[in-house]
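Open the model in your viewer and keep the selection tool at hand.

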Amino acid sequence: MEPGNQRLFLGLIIAFGFGLVLGAALCRSGHKKGRAEGTNGDEAFLKGVHYILSNDHDHAIEEFTKSVQVNSDTIETYVALGNLYRSKGDIERAIRIRQSIILRPKLDAHIRLRALVDLGYDYRKGGFFNRSLSTFLQVIEQDPSNVEVLEELERLYEEMKDWDKAFKTRQKISRIAKGDHKNIMAHHLVESGKAQQQAGDPAKAKSFYNKAISTHKECVDAYLHLGDLHFQNGDFKKAISIWEKIIQVSPRFTFLAYNRLEGAYAKMKDLRPVEAFLKKCAEANADAFTHLAIAKYRSNEGDIEGALKEAEHALELAPSLWEAARFKGDLLLRKGNSDEAMAAYTALLERLDLPYLRFQCANCGFEPSHLQWQCPQCKKWDTIRPMDASAEKPVLAV
Ligand SMILES: [Zn+2]
C-alpha cells in the first residue's frame with residue numbers, strides 16, 4: 001500500500017474506533033433507543049464499516065448515508081461519514097456534517113469538542129488555514145492540555161512561519177507531554193534567528209542562535225548559522241571555532257562546515273585556524289568528507305601531491321563519492337597528467353547516476369534531495385539522516 005493510502009486507511013480505522021467508543025458511550029448514557037429501533041440502520045452501518053476495511057470509500061459513504069436515514073441519532077455514523085468525505089476531498093460536505101453535529105441540542109460536551117477538532121482538520125485539509133487555526137484555538141480554550149490539537153496548532157504556525165508562536169506552543173506541549181522537546185524548540189529559535197537575519201537585524205539573530213544552542217546543545221543548524229554570522233562580519237576565527245563545535249556535538253554533520261571553509265580561503269590572510277580545524281576533524285572523524293576537505297585545503301596551499309593523496313584516501317573510504325573523483329581529476333589535470341585525469345573522469349561518469357550522499361527520514365522513510373532539518377513529509381524535526389548510496393545505512397558514525 002502506498003504511504004498516502006496507508007495514512008488514509010489508518011485514519012479511517014482511528015475514526016471508526018472513535019465511532020465505536022462514542023457509540024458505546026451513548027449506549028451507556030441511555031441513548032440506546034435509536035440504535036435498538038434501527039436494525040436496518042445497524043446493518044447499513046456494519047456494511048459501511050466493512051467497506052471502509054476493504055478501502056471502498058464510495059460504498060462506505062452509501063451505506064452510512066442509508067444508516068443515518070434510518071437512524072438519525074447515531075453520532076458515530078456522522079463522524080465516520082464526515083471523515084470519509086474529508087478523506088475523499090469533499091471538504092464542504094465534511095464541514096456541513098461537523099457543523100450539524102456541533103449544533104445538536106443536548107450533545108455531550110466531549111462529542112461536541114471532538115467534532116470541533118474534526119472541523120479544524122476539515123478546514124486544514126481544505127486549505128482554510130486561518131479557519132483551521134481559529135477552530136483549533138477554540139478547542140484549546142475549552143481543553144488547554146489537548147496535546148493532539150496543540151501539535152496541530154504548532155504545525156500550522158510552522159507552515160505560516162510564525163516561529164515565535166510555534167516555539168510557545170511547543171513550550172506548552174513540553175509541560176504536558178513527556179519526552180524530549182528541546183531539539184524542536186531549538187529549531188524554532190534558529191528559524192526565528194534566520195528571519196531576523198533576513199530582516200537585517202544580525203544582533204537579534206545572534207541572540208536567537210545562542211538561545212537555541214543553550215536550549216539544545218546539539219543543534220547543528222544553530223552552530224552553522226551563528227558561524228556564518230561571524231564569518232559575514234569578518235570574524236573568521238570565531239566562525240571556525242563555532243563550526244568546530246559541531247565535531248563534538250554531532251560529528252556526522254561536520255561535513256556541512258567544510259563547504260563554508262572554501263569560502264574562507266579567499267578571504268582569510270592567515271589560514272592556520274582552518275588547518276587546525278581540519279586537523280581536529282581528522283582526529284575526531286576521519287571520514288571521506290574530511291579527507292576531501294583536507295585535499296581542497298592542500299590544493300589551495302599549492303600542495304598538489306598532498307592534495308592528490310587526500311583525494312585518493314577519500315575515494316578509498318567512499319569509492320562512490322563523486323565529488324572526490326571530480327576533484328582528483330582536476331588535480332591530475334593541473335599536474336599535467338591528462339591520461340590519468342581522463343581515467344578519473346571516466347570513473348566519475350560511471351558514478352554519475354549514483355548520488356553519493358542520500359538522505360532519508362528515519363521516521364517516515366521519505367528521501368529528500370537535500371538535507372532538511374524538518375521532514376517535508378511527516379514534519380518531524382531532526383529525523384533526516386545522511387545515507388550511504390550503496391549500503392542503505394548512515395554514512396558516518398555518530
Ligand atoms: Zn519523515
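**Stop one: a buried valine**

Select Val79, which counts as buried because it has 24 C-beta neighbours inside 10 Å. A residue is buried if 20 or more other C-beta atoms lie within 10 Å of its own, exposed if 12 or fewer, and partly exposed in between, with C-beta atoms placed from the backbone. The model is predicted: local features need pLDDT of at least 70, side-chain atom pairs count only at pLDDT 80 or more, and totals for chains, interfaces and linings use all residues. Residues are numbered from 1 along each chain as its sequence is written.

Ile111 and Val79 are 32 residues apart in sequence, and their C-alpha atoms are 9.7 Å apart in space.

**Stop two: the helix around it**

Val79 belongs to helix α5, so select residues 75-88. Helices (H or I, at least four residues) and strands (E, at least two) are DSSP runs, numbered from the N terminus. The 14 residues of α5 reach 20 Å from first C-alpha to last, close to the 20 Å expected at 1.5 Å a residue; the expected span is 1.5 Å times one less than the number of residues.

How many residues of α5 are buried? The count is 12 of 14, and the helix is mostly covered. Among them are Ile75, Tyr78, Leu81 and Arg86.

Asn83 is also in α5. Asn83 is buried, with 25 other C-beta atoms within 10 Å. Select Ile97 as well: its C-alpha is separated by 9.5 Å from that of Asn83, 14 residues apart along the chain. Just after the helix, look at Gly89, which takes a positive phi of about 90°.

**Stop three: two packed helices**

Select α17 (residues 288-300) and α19 (residues 322-335), which pack at an angle of about 25° with their axes 10 Å apart. Axes are lines fitted to C-alpha atoms, for helices over the stretch in contact, and angles run from 0 to 180 degrees between N-to-C directions. The contact is made by Ala288, Leu292, Ala295, Lys296 and Ser299 of α17 and Glu323, Ala324, Phe327 and Leu331 of α19. Two residues are in contact if their C-beta atoms, placed from the backbone, lie within 7 Å.

**Last stop: the whole chain**

Zoom out to see 20 helices and 2 strands. Of the 398 residues in the chain, 36% are buried.
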